Amino acid sequence: MSAQNDTPETSGETVKLLIDGVEIPAREGQTILEAAADAGIYVPRLCYREGLPPGGHCRICTVKVNGRPTSACTFPASEGLVLENNTDELNTMRRQVVEMLFVEGNHVCPSCEASGDCELQALGYRLGMIAPQYPYQNTTRELDASHPDVMLDRNRCVLCGRCARASRELDGKSVFGFEGRGIGKRIAVNASHGLAGTDIDAADEAVAACPTGCLLVKRQANLIPVGKRTYDKTPIGTDVEA
Amino acid sequence: MTVAQKTAGRKIVINPVTRVEGHGKVTIHLDDDGHIKETRFHIIEFRGFERFIQGRPYWEAPTVVQRLCGICPVSHHLAASKAMDVVVGVDTVSPTAEKMRRLMHYGQTFQSHVLHFYHLASPDLLFGFDAPVEDRNVIGVIKAHPEIATKAVLMRKYGQEVIKATSGKKIHGTGSIPGGMNKNLSIAERDELLRDIDDMIAWSVEGLELCKSVVEADMEHLLAFGTFESSFVSIVKEDGCLDLYDGNLRAKDADGKIIFDQVPPSKYLEYIREEVRSWSYMKFPYITSLGKEKGWYRVGPLARINNCDYIDTPIAEAERVKFVALGGGRPIHATMAYHWARMIETVHAAEKIKELLNDPDLQGEELVRSGERRGTGVAWIEAPRGTLIHHYDVDKNDMITLANLIVSTTHNNEAMNRAVKRIADQYLDGQEITEGLLNRIEVGIRAYDPCLSCATHALGQMRLQVQLVGPDDAVIHEKFRE
C-alpha cells in the first residue's frame, strides 16, 4: 500500500493569494486547489475528490507556486503566495499527462459506458486533446467481474487511488490498494479471488469515487441517454467556475 | 479500381471493387482459350469482433458490436440489444421501447437504402455501364442531375436525424439497451421529424419511379443481367407480413415453395450452418436440410419482397403487387431487381416512420424491463442488406463467452460469387477485356449492396469439425479441433 497524504491542518486565518494575477482569499492551511475553487477558479484535477484526503498522484493539478511546479491538491495556502494556473505552459503539460494516461491504459471511449460521465475523457476535451501523440502501450489489463454487482475493469484504471482512499476513509473497508511498481503497478483488492471475495457493495463510496469506467456498478450501462450525461452540455470544471 | 491482366497466368484481378462498403476484390481465372474457368469474389479486409467481444460484459455488446460498420450500425445495435433482451430475461420490451427501436430501424433502413441507390448504384443506372468512369460516379450524378442529388442528400440526412432522435447520435448511438431503450421521443423531436416526412414519402416514391423507369427502358437486358435462380431467406411476421424489425424466419425455394417457415431465432442453428473456404475471410452459410451444394440462398430486399405475403403500408404494398407480377407466380430472380425491391422498401420505411411518429406510445415512460437472467441470447433483424443474426453466450459473471454473428452480406456470399460468374460468362467470355466490361462485374456485386466490413468479423482459429458418416447417414465418429 502506498502511503497516503492527510489533509493539511487549517488554522482558519484568512490569507491572500495571487492566482494568475487575481487576488483571492484563502484560509491558511487550506490547499490552494480548494482555495481556488472557493474563489470560483478551476484547477484541473483527476485524483483529487472532494471529501477525500488528497493523493497527489496524477499531477494534473500542477500549478506554479512562486515559480516552482507543485500539486495544488496538496500544497497549503499561506500569505502572499504567487500562483500560476491557467497558463499555456501548464495546460500543455496537463494535456500531455492526460495523453499519457490514455495511451498507458486501454481507454476505448466510443464503447465505454462511462463515456460522457468520465473525468479523464472530460479532461481530454477541456484541455484540447485531439489525439494522443505518444505510442499506445497496449498493456494487458485484468478485468474482474467476479462480484455480482460491481465490476473492476483495469483497462480503464488511471491509478488515481480514489477508490482506495474512499474505501478506507469513507466506507471503512480498505478493499483497494496498489501493488507492483512502474508500468506493472495496478489496483489490487484485499481478497485472493477478486472482488467477489471482498465486502464491497455497489452503494459504497469507493465505487462512486472512480473517475473513469474502471470501477462500475453492473447493469447500469447507458441508462442515461446521450445529451443528458454529466459532461454532455458543459465541460468539466464548469461547476467550480459557476 | 485497378485492373491487372496477366496473360501468362490468365488471371484478371479487379481490386478494389468500388462503390461498395468495405474492401473486396474479384479474380477471374481464364483457361488457355480465354474462356472463363473460375471467378471469385474475395473479401480482403479483416475485423475480428466475434473474438474481442469475448470477455466483455453483455451490456457492452450493443455499443461495441455496432462499430462493425458505419453504414448500418443501427442493425447491429438493435440485433445485439434484442439478443441481450433474451439474456436479461425480457421476452417483450415495453411498447415505447419497441416502437422507439422500430423508428430507429426504419430511419436507418431509409438512409441506408437511399445511400446505396443514389450514391453507389445510380451512376451505373443513370449513365449506363459503359459510361466513362470520370462521369460514372456520385460527382457525375450531382453535375448531371442536381435535383435528384439534392433530394438524395436530404433524404439521407432525414434518416440520420431519425437515428439521432432515437439513439442519441447519428452514428453509433447508445439508445437501445438490454431490456429496452434509454429515451422516448419528445414532442419537440416528434414535431421536427413530422415536418418533413411527407416530402420523404413523396421523394422516395420518385426514387422508386426513377428506378422502375431505368429498368423498364431496358427490361430485357437488365432482368437477364447476372441473373440466376436461388432460394430466398427472410424474416416475416406470423401472418406473412413484411417486417424488418422482428419476426420468424422463412425460406422459399426458387419456385416459391416454402422450405421452412416461422422458425424462431433460438432454433437458427438447426436450419442454417456456415462453411469456411480458404480464399475468403467471409463464410458461406447454407440451409442445413439442403446441404452445402444446394443450400445457399439470397437475403436482402429482393428476398424480403419475394418472401412476404403482403406489406402493411399502402403505397409499398401497391408497388409490391406490381413488382411480383413480373415473376408470374414465381419469385423474381433478377439480380438487378434488388434495386427495385430496395426502393419499394425505402417507400415502406418512410411510410412506417410517419405511422410511428403519430403513435403516442413513443412518448411513453416505461423504457426498460427486466427479468430472470439467461445464459444465451439469439436474435435477428432485417438489416438493410438482409437478415442479421446475433448469438451470444453469457457466463454467470455477466461476461460474453461466445459471439456468433451471421450478417446479411455473408448470407449473400455464394450469391454474389454466382453473380460474378454469371456476368463473366455473359459478357467477358472470349472477349477483349475492357474497363466497361469489367464494370459489369461490379454492377452485379453492387446490386447486393454488400457491406464487407460487417461480413468479416471473425477472429481466431476456426473450429474444425470432422464427421465420419455411414451409408445410412448415421454419424459413426466425430472429432473437433478447437
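I looked up Phe176(A) first: its bridge partner in β9(A) is Val189(A). The model is predicted; local features need pLDDT of at least 70, side-chain atom pairs count only at pLDDT 80 or more, and totals for chains, interfaces and linings use all residues. Residues are numbered from 1 along each chain as its sequence is written, while chains are lettered from A and ligands numbered from 1 in the order in which they are written.

**Hairpin, chain A.** I find four bridges between strand β8 (residues 176–179) and strand β9 (residues 186–189) of chain A, and the two run antiparallel. Strands here are DSSP runs (E, at least two residues) and helices likewise (H or I, at least four), numbered from the N terminus. Six residues separate β8(A) from β9(A) in the hairpin. In the turn, Gly180(A) has a positive phi of about 80°.

**Open sheet, chain A.** I traced three strands in the order β6-β7-β10 (chain A), with antiparallel pairing. Pairing requires at least two DSSP bridges between two strands. The edges are β6 (143–144) and β10 (215–217) of chain A; each has a single partner strand, so one side of each has no neighbour in the sheet. Strand β7 (residues 150–153) of chain A is joined to β10(A) by three bridges. I noted one pair in particular: Leu152(A) has Leu215(A) as its bridge partner in β10(A).

**Domains, chain A.** I have domain 1 (14–86) and domain 2 (87–233) in chain A; such bounds come from an automatic or database domain assignment. The C-alpha centres of these two domains of chain A lie 24 Å apart. Their contact takes 17 residues from domain 1 of chain A and 22 residues from domain 2 of chain A. Contact means C-beta atoms, placed from the backbone, within 7 Å. On the domain 1 side, strand β3 (residues 62–65) of chain A gives the largest share, three residues. By class, that side has eight nonpolar, five polar and four charged residues. Nonpolar covers Ala, Val, Leu, Ile, Met, Phe, Trp, Tyr, Cys and Pro; charged covers Asp, Glu, Lys and Arg; the others, Gly among them, are polar.

**Chain A against chain B.** I see 16 residues of chain A in contact with 19 residues of chain B. The chain A side divides into nine nonpolar, four polar and three charged residues.

**Helix pair, chain B.** Helix α7 (residues 187–217) and helix α13 (residues 337–357) of chain B pack at about 165°, axes 9 Å apart. Axes are lines fitted to C-alpha atoms over the stretch in contact, and angles run from 0 to 180 degrees between N-to-C directions. The angle therefore makes α7(B) roughly antiparallel to α13(B) (under 35 degrees is roughly parallel, over 145 roughly antiparallel, 65 to 115 roughly perpendicular, the rest oblique). Their contact has 16 nonpolar, four polar and four charged residues.

Terms used: Two residues are in contact if their C-beta atoms, placed from the backbone, lie within 7 Å.
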